[in-house]
Amino acid sequence: MQNISRTLSLLRGCSGVYRCHTWNQSSRTRSSSSSLFLSSDSIILRSRSTDVYQNLALEDWIDANVDLQRRGVLLLWRNRPAVVIGRHQNPWTECDLRAMRRVGIPLARRRSGGGTVFHDLGNLNLTFFTSKKAYDRKRNLKVITEALRRVRPGLDVQATDRYDILLNGHYKISGTASRLSRKSSYHHCTLLHSADRSALSAVLRPSCPGIHSNATPSVPSPVANLLDHAPTLQWEELLDGLEQQYSTEFGCSSASTLVRPR
């Protein structure tokens with residue numbers, strides 16, 4: 001966490017502590033900059049880590065240390081295969097712990113509510129940080145659906161009353177969860193681009209069926225990958241579309257910044 005602190009201290013207006021790489025969206029070149037964090041504009045971060053524990057720790061660090069009264073933050077991140085359960089869930093009823101142990105898939109518990117999700121490098125995670133007053137999950141999901149319609153106008157994507165995103169009115173491509181603190185909030189969601197659905201099905205089943213508890217159960221849903229219905233949609237095209245739509249919606253004037261939370 002030491003490097004996380006050094007990197008993200010820039011978010012509070014400190015300069016010269018750590019040199020972050022910023023991406024220029026038009027030329028795709030990189031430059032070192034700390035002035036990005038000196039304004040009150042919203043900012044976009046891309047995590048270079050694919051470790052579930054590092055990325056969840058990064059989320060919590062931003063929530064606890066960044067002045068979200070002055071700016072919003074969008075964090076984009078991916079993990080190597082992992083299972084993440086919600087704050088109030090029972091792992092023995094949510095996932096196959098033995099199967100996970102055999103293939104080396106770690107289990108993590110996040111601080112938000114919601115259901116259990118399978119992460120791998122084909123699943124994009126988006127975390128929208130704001131003040132508690134500005135918390136608006138519908139607005140955040142609008143960023144995603146509008147971005148998808150922009151990059152692939154033929155995609156039928158809609159946000160639901162449960163704050164999921166459905167493809168073709170049936171297949172779940174995004175689930176959602178959130179955490180509200182006294183002054184700050186974050187809303188994070190998944191976006192299935194090219195996840196391993198066979199691995200997802202294999203691990204997201206109970207280790208011990210029949211357990212009765214007060215834990216919050218997940219609600220099973222049929223899922224699909226974006227790549228199944230938009231086979232030419234590349235990662236960079238998807239990321240660029242999401243970043244552009246976030247900038248349009250929240251007034252972000254700077255390119256996204258790479259962070260290394262390790």
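Because the model is predicted, local features need pLDDT of at least 70 and side-chain atom pairs count only at pLDDT 80 or more, whereas totals for chains, interfaces and linings use all residues.

Start by selecting Gly115, Thr116, Lys172, Ser218 and Val219, which lie nearest the centre of the largest pocket among its 48 lining residues. A pocket here is an open set of points on a 1 Å grid over the protein atoms alone, where a 1.4 Å probe fits, with protein on both sides within 12 Å along at least five of seven lines, and lining residues have an atom within 4 Å of a point. The space in this largest pocket is about 1100 Å³, a volume being the space filled by probe spheres set on the points, which are joined across faces, edges and corners. Colour the lining by class and you will find 20 nonpolar, 21 polar and seven charged residues, where Ala, Val, Leu, Ile, Met, Phe, Trp, Tyr, Cys and Pro count as nonpolar, Asp, Glu, Lys and Arg as charged, and the others, Gly among them, as polar.

Next select Arg46, Ser47, Arg48, Arg78 and Leu239, the closest to the centre of the second largest pocket among the 13 residues that line it; its volume is about 260 Å³. Six of its lining residues are nonpolar, three polar and four charged.

Now move to Leu124, Leu126, Ile144, Leu148, Leu191 and Leu238, which touch the most other members of the largest nonpolar core, a set of 29 residues. Such a core consists of buried Ala, Val, Leu, Ile, Met, Phe, Trp, Tyr and Cys residues joined through side-chain atoms within 4.5 Å, and buried means under 20% relative accessible area, exposed over 50% and partly exposed in between, with a 1.4 Å probe and protein chains only. Centre on Leu191 and, beyond its neighbours within four places in sequence, its contacts (heavy atoms within 4.5 Å) include Gly122, Asn123, Ile173, Leu226 and Leu242. A second, separate core of 18 residues includes Val52, Leu56, Leu58 and Phe129.

Finish with the cysteines: Cys189 is buried at 3% relative accessible area, while Cys208 is partly exposed at 33%. The count of disulfides (pairs of cysteine sulfur atoms within 2.5 Å) is zero.

Definitions and conventions:
Residues numbered from 1 in each chain as written. Heavy atoms only, no water.
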